Amino acid sequence: MEEKIFFIKRGFRDNALRELVFNQNFLKFEDKDLAQNLNTVFQKGEIKDFRYGIRWIKFEITYGREYQIFVRNKEDKTLKITFKSYFGRKKEILHKQYAEIVDHLWDYYFAEIINDFINMYNDGKEFTIGDVHFTKENISLNISGMFNQKRINIAWENVRTKNYYTYFSIYSIENPLEINRGYNYHQDWNTSVLYSVIRTILRNKEIEIYN
């Protein structure tokens, strides 16, 4: 896979062109201002989680948006890729850049992580993505009750999902009103990974069919 490079301008206060490099062996971003150490570098094998979304910039009215992409490694260090559009300026260009960066994170690093999870499931191994624990028989996840959270098991034949623009929902077809949980793409780590893994398993089981 060929190396891909983006140049990021983060906003008015930081108008420098900062290099973001996608490489099959590492991810590098020029996110620092130290002359001797400008870059944060994550080796591919260190990368663990990501999340992404748009933060609206407001003061009485909404006058801008900040595109936010966060990548975390196995030491829980976070690489932050952010850039802003004010008053709609370059909104289409920046939104395209944002979408391409998310796609490249997927292609260079997280597609392989997802395949590893699918292989673990097919081999009968247990694993966890976020707070969702996977076994051959079921998944378990935390459900918020009226007064506290409780851990619920859902057998695979009862698992259903729904995808929305900003979040992904898992629920039990037996009791969808009470047994359901949403995961936000912006706030919750690896929601996209959870989405892909659980929907691949459900599709292979012919429980859910997607267009």
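Which residues do ring pairs link into a cluster? In this predicted model, where residues are numbered from 1 along each chain as its sequence is written, local features need pLDDT of at least 70, side-chain atom pairs count only at pLDDT 80 or more, and totals for chains, interfaces and linings use all residues. Side-chain values use heavy atoms, with hydrogens and water left out.

The cluster consists of Phe50, Tyr52, Tyr67, Phe83, Tyr98, Phe110 and Tyr185, linked by ring pairs. Rings of Phe, Tyr and Trp (its six-membered ring) pair if their centres lie within 6.5 Å; planes under 30 degrees apart count as stacked, over 60 as edge-to-face and the rest as tilted. By this rule there are 16 aromatic pairs. The pair of phenylalanine 6 and phenylalanine 22 is edge-to-face, because the ring centres are 5.9 Å apart and the planes stand at 80 degrees. Since phenylalanine 6 lies in strand E1 (residues 4-8) and phenylalanine 22 in strand E2 (residues 18-22), the pair ties together parts 16 residues apart in sequence; strands are DSSP runs of E, at least two residues, numbered from the N terminus. Tyrosine 164 and tyrosine 167 form a stacked pair, at 4.5 Å centre to centre and 20 degrees between the planes. Tyrosine 164 is partly exposed at 36% relative accessible area, as is tyrosine 167 at 33%.

Charged side chains also sit over rings (NZ of Lys or CZ of Arg within 6 Å of the ring centre and within 35 degrees of the ring normal). Arginine 51 lies over the face of tryptophan 189, 4.7 Å from the ring centre, and the charged end of lysine 136 sits over the ring of tyrosine 121, 4.4 Å from its centre.

Key
Helices (H or I, at least four residues) and strands (E, at least two) are DSSP runs, numbered from the N terminus. Buried means under 20% relative accessible area, exposed over 50%, partly exposed in between (1.4 Å probe, protein chains only).
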